Amino acid sequence: MERTGIEEGFVLVRDFHREYFGGNQGWFSEDDRPKVNKYGCGIIAAVNTYLYLAGITRVTKNGYMSLVDEFVRMYPLSRLCLNIGLGVLPWQMSSYIKRKCRAAGIKVEPDWQGRRGVGNLYEKMKQALSEDTPVIWAFYNLKPSHKIQFYKYINGEFRDTYLDQHDMEHRYDDVNSHYVTVTAVFESEKDGKLQRWVEISSWGSKYYVNYDEYKNFVRNAGGILNPLNLVNAYCSNILIIKKR
């Protein structure tokens, strides 16, 4: 498979002898308010992206969690958004990344692509990755029952179920509404058809999403011509970070 992605190793979070591929909202207690554990995926994606852009690819779990706490303090509205189940909004993630990068002497311009639809979303994602810039990717569908599958790459194949070596249980991971951090895309040809897989960081792990399945996920609000698909396309989109 041909890879296009960030150049350096992604953000490695260390917790004693265990290492994570980016942050994990699950580190926070289910009883905490704001409800980072349940709705904090956007904060995780923003912190992941800032750390990589700032060249910080090694961090402790406690250090990472302190950055998440800082995000909530920086944006008091985020506390309300988390508590009512809305999660954080693209402008909050954009502002956080821009402010933190500026403090680190890096000029960036985040740009939420929702209003541009999903027609060439993959190409924009691939271009950003080729410039060594992670991408924040949102999944959203108006049908709560309609979900997109996350895969693991195991022994040379993509699998929708796998054995979690830490918890020693079989997992099947899918989502309806979620933010992730994109670190690479992989392309190959099979039976004359282009296969596109997107590598992501979510819950401190590395997963893969089949891009054709994503397109079906967005266009499933009750028929491809249904106007509600426009809502899916706006919300289920990407945040591109442009270096200046």
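Me: Helices are DSSP runs (H or I) of at least four residues, numbered from the N terminus. In which helix does Val36 lie?

Reply: Val36 lies in helix α1. Please bear in mind that this is a predicted model.

Me: Is Val36 buried or exposed?

Reply: Val36 counts as buried, because its relative accessibility is 6%, and buried means under 20%.

Me: What does Val36 touch, leaving out residues up to four places away in sequence?

Reply: On that basis, Val36 touches Gln25, Phe28, Val68 and Leu82.

Me: Now the helices. How do α2 and α3 pack?

Reply: Two packed helices are described by the angle between their axes and the distance between the axes. For α2 (residues 41-53) and α3 (residues 61-74), the angle is about 115° and the axes are 10 Å apart. The crossing of α2 past α3 is right-handed.

Me: Which residues meet there?

Reply: From α2 there are Ile43, Ile44, Ala46, Val47, Asn48 and Leu51, and they meet Tyr64, Leu67, Val68, Phe71 and Val72 of α3. Sorted by class, this contact has 10 nonpolar residues, 1 polar residue and no charged ones.

Me: What about the nonpolar cores: which residues touch the most other members of the largest one?

Reply: The largest nonpolar core has 67 residues, and those touching the most other members are Ile97, Met125, Trp137, Phe139 and Tyr214. Helix α2 gives the most to this core, with 10 residues. Another core, of 6 residues, lies apart from it and includes Tyr151, Phe158, Ala184 and Phe186.

Me: Take Phe139. What is it in contact with, beyond its neighbours within four places in sequence?

Reply: Its contacts are Ile148, Phe150, Val175, Asn176, Ser177, His178, Val180, Val209, Tyr214, Phe217 and Ser236. One of these, Tyr214, is also among the residues that touch the most other members of the largest core.

Me: Change of topic. How many salt bridges are there?

Reply: A search of the whole structure gives 11 salt bridges. One of them is between Glu19 and Arg14, whose closest N and O atoms are 2.4 Å apart. Glu19 is partly exposed, at a relative accessible area of 41%, and Arg14 is partly exposed, also with 41%.

Me: Which residue forms a salt bridge with Lys98?

Reply: Glu109 does, and the closest N and O atoms are 3.1 Å apart. The pair links distant parts of the chain, as Glu109 is in strand β5 (residues 108-112) and Lys98 is in helix α5 (residues 90-103), 11 residues apart. Glu109 counts as partly exposed at 30% relative accessibility, and Lys98 is partly exposed with a relative accessible area of 29%. Together with Arg244, these two residues are linked in a network of salt bridges.

Me: And what does Asp111 meet in a salt bridge?

Reply: The side chain of Asp111 meets that of Lys242, at 3.5 Å from N to O. This pair, too, links distant parts of the chain: Asp111 is in strand β5 and Lys242 in strand β16 (residues 238-243), 131 residues apart.

Me: Why does Asp111 count as buried?

Reply: Its relative accessibility is 13%, and the cut-off for buried is under 20%. Lys242, at 45%, is partly exposed.

Me: Last topic, backbone angles. What phi does Asp132 have?

Reply: Asp132 has a positive phi of about 65°, although it is not a glycine. By way of background, most residues other than glycine have a negative phi. Asp132 is found in the loop between α6 (121-130) and β6 (135-139), and it counts as buried at 15% relative accessibility.

Me: Then Asp191: where is it found, and is it buried or exposed?

Reply: Asp191 is found in the loop between β13 (178-190) and β14 (193-202). It is exposed, with a relative accessible area of 77%. Its phi is positive, about 55°, although it is not a glycine.

Conventions
Residues numbered from 1 in each chain as written. Predicted model: local features only at pLDDT ≥ 70, side-chain atom pairs only at ≥ 80, totals over all residues. Heavy atoms only, no water. Axes fitted to C-alpha atoms, helices over the stretch in contact; angles between N-to-C directions. Helix = DSSP H or I, 4+ residues; strand = E, 2+ residues; numbered from the N terminus. Left-handed = near helix turned anticlockwise from the far one by under 90°. Contact = heavy atoms within 4.5 Å. Nonpolar A, V, L, I, M, F, W, Y, C, P; charged D, E, K, R; others polar. Salt bridge = Lys/Arg side-chain N within 4 Å of Asp/Glu carboxyl O. Buried < 20%, exposed > 50% of the residue type's maximum accessible area, 1.4 Å probe, protein only. Core = buried A, V, L, I, M, F, W, Y, C linked by side-chain atoms within 4.5 Å.
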